[in-house]
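Biologist: Could you take me through this model and say, for each label you use, what it rests on?

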Amino acid sequence: MTRFGKTLLAGAASIALMASPALAEGDMLQPDDLNAPDAAATDTMPEVDAVAQLQALGYSDIEPIDAQGDAEAEGQATFTATNLDGQSVMVTLDTHTGTVIDEQPAAY
């Protein structure tokens with residue numbers, strides 16, 4: 001398994017660990033709850049703390065890359081960072097799910 005695959009797996013495990021208390025206590029929405037008037041859902045999901053999530057996935061030296069107009073997709077954030085292999089990379093994170101979308105060698 002590649003280092004990138006391991007990172008994605010670690011991200012999925014992190015999400016599962018965050019959801020486990022709600023699953024254990026039965027706080028998750030049931031299908032009938034979705035139609036209940038007090039379950040008014042918003043169109044936007046809360047965003048994760050991108051830097052903290054990348055640190056949890058093993059990245060270090062994390063610096064945000066300024067958004068460049070419409071080039072930065074909504075719900076995504078791009079950073080320069082050092083990956084687990086010690087390589088400088090540009091990493092794009094889905095800010096809603098906390099998963100790494102892309103990792104490329106950093107171009108300086």
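Modeller: What follows takes the labels one at a time and sets each against its definition.

This is a predicted model, in which local features need pLDDT of at least 70 and side-chain atom pairs count only at pLDDT 80 or more, while totals for chains, interfaces and linings use all residues. Residues are numbered from 1 along each chain as its sequence is written, and side-chain values use heavy atoms, with hydrogens and water left out.

Biologist: What is the average pLDDT of the protein chain, and how many residues score at least 70?

Modeller: On pLDDT, the predictor's confidence in each residue from 0 to 100, the protein chain averages 76, and 54% of the residues score at least 70. Over residues 38–42 the pLDDT is below 50, and beyond near neighbours in sequence this stretch has 1 contact in the model, a contact being heavy atoms within 4.5 Å.

Biologist: What makes strand 1 and strand 4 the edge strands?

Modeller: Strands are DSSP runs of E with at least two residues, numbered from the N terminus, and two of them pair if DSSP finds at least two bridges between them. Here 4 strands form an open, antiparallel sheet in the order 1-2-3-4; strand 1 (60–64) and strand 4 (100–105) each pair on one side only, so they are the edge strands.

Biologist: Why is strand 3 called largely enclosed?

Modeller: Buried means under 20% relative accessible area, against over 50% for exposed and partly exposed in between, using a 1.4 Å probe and protein chains only. Because 5 of the 7 residues of strand 3 are buried, the strand is largely enclosed by the rest of the structure.
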